[in-house]
Amino acid sequence: MKVATFNINGIKARLPRLVEWLEETRPDVACLQELKSSDETMPVKEIEAAGYGFLYHGQKGFNGVAILARDAQPVEIQRGLAGEAEDEQSRYLEADVHGIRVASIYLPNGNPQPGPKFDYKLRWMARLRERAKALLASEIPTVLAGDYNVIPHDDDVWDPRAMAGDALMQPESRDAYFRLLGDGWTDALRSRHPAGGVWTFWDYQAGGWQRDHGFRIDHLLLSPAMADRLVDAQVDKDHRGREKASDHAPTWASFR
């Protein structure tokens with residue numbers, strides 16, 4: 001089984017690239033983020049034509065998460081996180097698919113920091129941790145996949161100094177991420193690339209892709225049952241270099 005995460009940066013704008021990736025790599029489950037589309041304008045027919053069931057939690061012009069399942073329809077468990085009833089941002093979707101639990105996560109960016117957006121990011125991460133604890137307690141095999149907007153280690157970025165002031169690298173952001181791991185989750189990509197140097201994002205600005213100035217913010221966190229079954233975890237880096245590509249590359253983990 002292969003579970004992937006892909007910040008698509010606009011599902012309608014990148015639809016040819018998305019379908020191309022699905023057809024070439026055939027993940028069993030694909031978690032998408034930053035759909036930038038309302039539920040009413042999702043390209044349902046095109047996704048289903050590619051052979052995937054399509055569960056989505058959209059928001060016009062911003063955010064948005066989805067779970068795709070090959071030859072199956074994901075069964076929705078939860079959308080959104082408890083703790084802030086007034087929070088209407090579409091950033092969390094959880095479903096059962098192919099015998100496992102999967103969540104698609106689009107964590108707040110948090111910039112500029114300090115400020116209200118950074119405070120929201122930290123509150124959101126605390127809310128995510130509470131849901132993640134409940135999932136661990138249930139002992140359901142689970143993958144929390146998505147764009148976490150956290151660069152965990154200095155070797156997860158081409159130049160730590162260049163990102164030192166960014167919300168993605170603040171001690172509070174990293175601490176919240178490591179608290180998740182400390183509860184019992186395994187960072188799939190890190191477990192296969194412990195020395196770092198693997199990027200999942202390259203900015204459109206300043207020749208980020210051409211100069212390989214990237215960093216790692218797309219993560220798949222595995223519950224103990226899934227970590228025990230992990231075979232490999234990699235990044236489909238070449239898809240970032242294609243015409244009109246997302247600024248993220250698909251990231252995946254495979255399981256026995």
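The model is predicted, and local features were considered only at a pLDDT of at least 70, side-chain atom pairs only at pLDDT 80 or more, while totals for chains, interfaces and linings use all residues. Residues are numbered from 1 along each chain as its sequence is written, and side-chain values rest on heavy atoms, with hydrogens and water left out.

Helices (H or I, at least four residues) and strands (E, at least two) were taken as DSSP runs and numbered from the N terminus. Helix α3 comprises the 23 residues 116–138, and its end C-alpha atoms lie 33 Å apart, which agrees with the 33 Å that it should span at 1.5 Å a residue, the expected span being 1.5 Å times one less than the number of residues. Among the residues of α3 that are buried are Phe-118, Tyr-120, Trp-124, Met-125 and Leu-128, together with the charged residues Lys-121 and Arg-127; buried denotes under 20% relative accessible area, exposed over 50%, and partly exposed in between, with a 1.4 Å probe and protein chains only. The buried residues of this helix pack against strands β6 (92–97), β7 (100–106) and β8 (142–147), and also against helices α4 (171–182) and α6 (224–229), where contact requires heavy atoms within 4.5 Å. The helix is followed by Glu-139, whose phi is positive, near 60°.

Side chains of opposite charge can pair when their charged atoms come close. Glu-94 is buried, at 0% relative accessibility.

Within helix α4, Arg-179 and Asp-175 form a salt bridge of 2.7 Å, N to O, and, being 4 residues apart, they are separated by about one helical turn. Arg-179 is partly exposed at 43% relative accessible area, and Asp-175 is partly exposed at 38%.

A further salt bridge brings N and O atoms of Arg-216 and Asp-187 to 3.0 Å, linking strand β9 (residues 186–187), which holds Asp-187, with the loop between β11 (214–215) and β12 (218–222), which holds Arg-216, 29 residues apart. Asp-187 is buried at 6% relative accessibility, and Arg-216 is buried at 2%. Salt bridges with shared partners also join Arg-17, Glu-20, Glu-24, Asp-238 and Arg-242 into one network.

Conventions
Salt bridge = Lys/Arg side-chain N within 4 Å of Asp/Glu carboxyl O.
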